[in-house]
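Work through the exercises below with the sequence and the model at hand. Each task is followed by its solution in steps.

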Amino acid sequence: MPVLRSCPPGIPGGQDPTAGGQLVVLGPAELARAAALAPGPRAVFVAGRRALRRFAAELLDVPASDLTTHFSCPRCGSGPELSHGRPGYTLRGEPVPLALSLSRSSGWILLGAVVDPPAGVTMGLDLADPSGMAFEGFDGVALTDAERAALAGLAGPLLLQERARLWVRKEAWLKMTGDGLATAPDTLDVLSRPEIRDLAAGEAGLPLNFRAAVAVSRTGS
């Protein structure tokens, strides 16, 4: 079972690559990416990466400064020079025994890890504030025919909650596979997939109205 942790908005030190006069422990590629962002997106990015590194270090019981960023991307490969893709770290040159994922929404951060995952097992998770699902055209670009049919007749907050639920399931699946949005969301049906679990309201300390999902691949798949 994945270990899950949420971080509320306003994580101390999450607003800048340095905090309290001490260097935040991020990799060179992460720092370069942060420096290229506008202040608002930079704060979101840095807070998420700091939280992820701290989370991984605590699970491994090692100093966060001992971890080296080692992200992987199906199109770009893997290594410390990547700042995008599936999260990962090395410790003294060896991959750490964690399958990791990260998501952000409305200032909240959701982190997940499978500790000592069997070979080939990956995970993905996603988090969404339903209030962000109110824009026109969402169903047409994000949902399959079957999913649109499942939402037929819903309106108001319930419709937004169900849109958010389906969206986080899609994102969790695509992070698990590593495909990301290279796969069109309206071609991926997530109404029933045993690898995906909806988080219960308030699970992992999240706001009750948020929707979140976690996907874990089967061994060797």
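**Exercise 1. Cysteines**

Is Cys-7 buried or exposed? Then find how many disulfides the whole structure holds.

Solution. The model is a predicted one, in which local features need pLDDT of at least 70 and side-chain atom pairs count only at pLDDT 80 or more, while totals for chains, interfaces and linings use all residues. Residues are numbered from 1 along each chain as its sequence is written, and side-chain values use heavy atoms, with hydrogens and water left out.

Step 1. Buried means under 20% relative accessible area, exposed over 50%, and partly exposed in between, with a 1.4 Å probe and protein chains only. Cys-7 has 10% relative accessibility, so Cys-7 counts as buried.

Step 2. A disulfide is a pair of cysteine sulfur atoms within 2.5 Å. The search of the whole structure gives 0 disulfides. For Cys-76, the nearest cysteine sulfur belongs to Cys-73 and is 3.7 Å away, and Cys-76 is in no disulfide.

Step 3. Cys-76 has 47% relative accessibility and therefore counts as partly exposed.

**Exercise 2. A sheet and the helix across it**

Give the strand order of the open sheet of 3 strands, and state which strands helix 2 lies across.

Solution. Step 1. Helices (H or I, at least four residues) and strands (E, at least two) are DSSP runs, numbered from the N terminus. Two strands pair if DSSP finds at least two bridges between them.

Step 2. The order is 1-10-9, with antiparallel pairing. Strand 1 (3–7) and strand 9 (98–105) are the edges, each pairing on one side only. From one strand to the next the twist averages 15 degrees. Axes are lines fitted to C-alpha atoms, for helices over the stretch in contact, and angles run from 0 to 180 degrees between N-to-C directions.

Step 3. Strand 1 and strand 10 (residues 108–115) run antiparallel and are joined by 5 bridges. Arg-5 stands opposite Leu-111 of strand 10.

Step 4. Contact means heavy atoms within 4.5 Å. Helix 2 (residues 39–60) lies across strand 1, strand 9 and strand 10, and runs at about 150 degrees to strand 9.

**Exercise 3. Positive phi**

Where do Asp-61 and Ala-204 lie, and what is the phi of Asp-61 and of Ala-204?

Solution. Step 1. Most residues other than glycine have a negative phi.

Step 2. Asp-61, not a glycine, has a positive phi of about 60 degrees. Asp-61 sits in the loop between helix 2 and strand 4 (67–69) and is exposed, at 72% relative accessible area.

Step 3. Ala-204 is not a glycine either, and its phi is positive at about 65 degrees. Its place is the loop between strand 12 and strand 13 (211–216), and at 27% relative accessibility Ala-204 counts as partly exposed.

**Exercise 4. The whole chain**

How many helices and strands does the protein have, and what is its radius of gyration?

Solution. Step 1. The count is 5 helices and 13 strands.

Step 2. The radius of gyration is taken over C-alpha atoms, and the globule rule is 2.2 Å times the number of residues to the power 0.38. The value is 18 Å, close to the 17 Å that the rule gives for 221 residues, so the protein is as compact as a globular protein of that length.

Step 3. The C-alpha trace spans about 55 × 40 × 30 Å along its principal axes. Of the 221 residues, 45% count as buried.
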